[in-house]
Amino acid sequence: MATLRFLYDCDPGADDALAMLLALSRPDALEMIAVTCVAGNVGLDPVVNNARRILELCGRQDIPVYAGAARPIMASRGCISIMHGADGLAGSTLPAATMPVTNGHAANEISRIARAEGRLHVCATGPLTNLALALLLDPDLPDFVSAITIMGGAAFCPGNTTPLAEFNFAVDPHAASIIFDSGLPITMLGLDVTRQATVTQDMICQVQAIDTTVAAEAAHLLINYGSKDPCLHDPAAIAWMLAPALFETIKAHVSICTDAGPAAGQVVAAVSTRHLAGRKPNCTVVTGVDAQEFRQMFVSALG
């Protein structure tokens, strides 16, 4: 299998950090060419710091990190998640980052990198503000993006931030709406699948048995974040890129509710002929995963 070059748009966050550790542990299959950061699980400054802390842990200071949107498109501020602790990494003892932030706004850099690559794969595991801004600034961007893998949404199950909406889409529903209306080829891994990809005590013990600093940090995140939210949300997006055969999918036409209130960020996924009403599917919705194989792949990568 050829190595997949991709840009990682994220809001680290403990589960984003775990996703980065998984991706960086598989250089045979994935090449992370840049990291763009967006405010989400915590504010923009700690998000940018956390992305660099993880890259430094893995010895990957060569990967540029760009700061992006500090707030949603249509709100003065976004909500943050209490699941990740005050620092976003569940109280990690990793030192503050020393590598510099690369000049340039994430939205502009997404467009520039996509054009330089010709056909860019984007993996997004935070609010979609940076990607939406990139599309608004560069309407021709879809011509240079081969695929977008998204962790976000809840198509056929309740939300986790409101009864109807998942966190990333609830933070910036307008950005999510722009992405799903763009015509880009999207794969969405929402709560339908990530709630199946749970952390187990056996998995934690296997990671603790790996004698590396990277595995020790992964174990810390799995224990301290997993005790609050035992789902491997963002690592699922990386796992899809590594091994799509582990997952079940369905084609759907997805639209995003942007109305104020508890429905903001709700996914409306039309699947049946009647509900599609002549529209073509615009998204591959991931609905299932072999959780045991997923967990084993994660542990094996760290090893």
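# Notes on a predicted model

1. Let's start inside strand β9. Leaving out residues up to four places away in sequence, Val286 touches Thr187, Met188, Leu189, Asp192, Val193, Trp240, Phe247, Glu248 and Thr249. Keep in mind as you look around that this is a predicted model. Val286 lies in strand β9, and its relative accessibility is 0%, so it counts as buried. Now follow the chain to Thr194: Val286 and Thr194 are 92 residues apart along the chain, yet their C-alpha atoms are separated by 9.2 Å.

2. Next, have a look at Glu293. This residue is found in helix α12. Is Glu293 buried, partly exposed or exposed? With 42% relative accessibility, Glu293 counts as partly exposed, because buried means under 20% and exposed means over 50%.

3. Two packed helices can be described by the angle between their axes and the distance between the axes. For α10 and α12 the angle is about 90°, and the axes are 11 Å apart. That makes α10 roughly perpendicular to α12. On the α10 side the contact is made by Pro235, Ala236, Ala239 and Leu242, and on the α12 side by Phe294, Met297 and Phe298. What kinds of residue make up the contact of α10 with α12? They divide into seven nonpolar, no polar and no charged.

4. Helix α3 (residues 106–117) packs with helix α4 (residues 129–137) at an angle of about 65°, and their axes are 8 Å apart. That makes α3 roughly perpendicular to α4, because angles of 65 to 115 degrees count that way. The crossing of α3 past α4 is right-handed. From α3, Ala106, Ala107, Asn108 and Ile110 meet Asn130, Leu131, Leu133, Ala134 and Leu137 of α4. Sorted by type, the residues of the contact of α3 with α4 come to seven nonpolar, two polar and no charged.

5. While you have α4 on screen, check what is hidden there. Thr129, Asn130, Leu131, Ala132, Ala134 and Leu135 of α4 are buried.

6. The peptide bond running from Pro12 to Gly13 is cis, with omega near 5°. Gly13 is found in the loop between β1 and α1.

7. Phi of Ala277 is near 50°, which is a positive value in a residue other than glycine. Where is Ala277? Look in the loop between α11 (273–276) and β9 (283–289). Ala277 has a relative accessible area of 61%, so it is exposed.

8. Finally, the rings. The count comes to three aromatic pairs. One of them joins Phe6 and Tyr8, edge-to-face, at 6.4 Å centre to centre and with 65° between the planes. Both Phe6 and Tyr8 are buried. In another pair, Phe169 and Phe180 have ring centres 5.8 Å apart and planes at 70°, so this pair is edge-to-face. The pair links distant parts of the chain, with Phe169 in helix α5 (residues 167–171) and Phe180 in helix α6 (residues 173–180), eleven residues apart. Phe169 is buried, and so is Phe180.

Definitions and conventions
Residues numbered from 1 in each chain as written. Predicted model: local features only at pLDDT ≥ 70, side-chain atom pairs only at ≥ 80, totals over all residues. Heavy atoms only, no water. Axes fitted to C-alpha atoms, helices over the stretch in contact; angles between N-to-C directions. Helix = DSSP H or I, 4+ residues; strand = E, 2+ residues; numbered from the N terminus. Parallel < 35°, antiparallel > 145°, perpendicular 65-115°, else oblique. Left-handed = near helix turned anticlockwise from the far one by under 90°. Contact = heavy atoms within 4.5 Å. Nonpolar A, V, L, I, M, F, W, Y, C, P; charged D, E, K, R; others polar. Phe/Tyr/Trp six-rings, centres within 6.5 Å; stacked < 30°, edge-to-face > 60°. Buried < 20%, exposed > 50% of the residue type's maximum accessible area, 1.4 Å probe, protein only.
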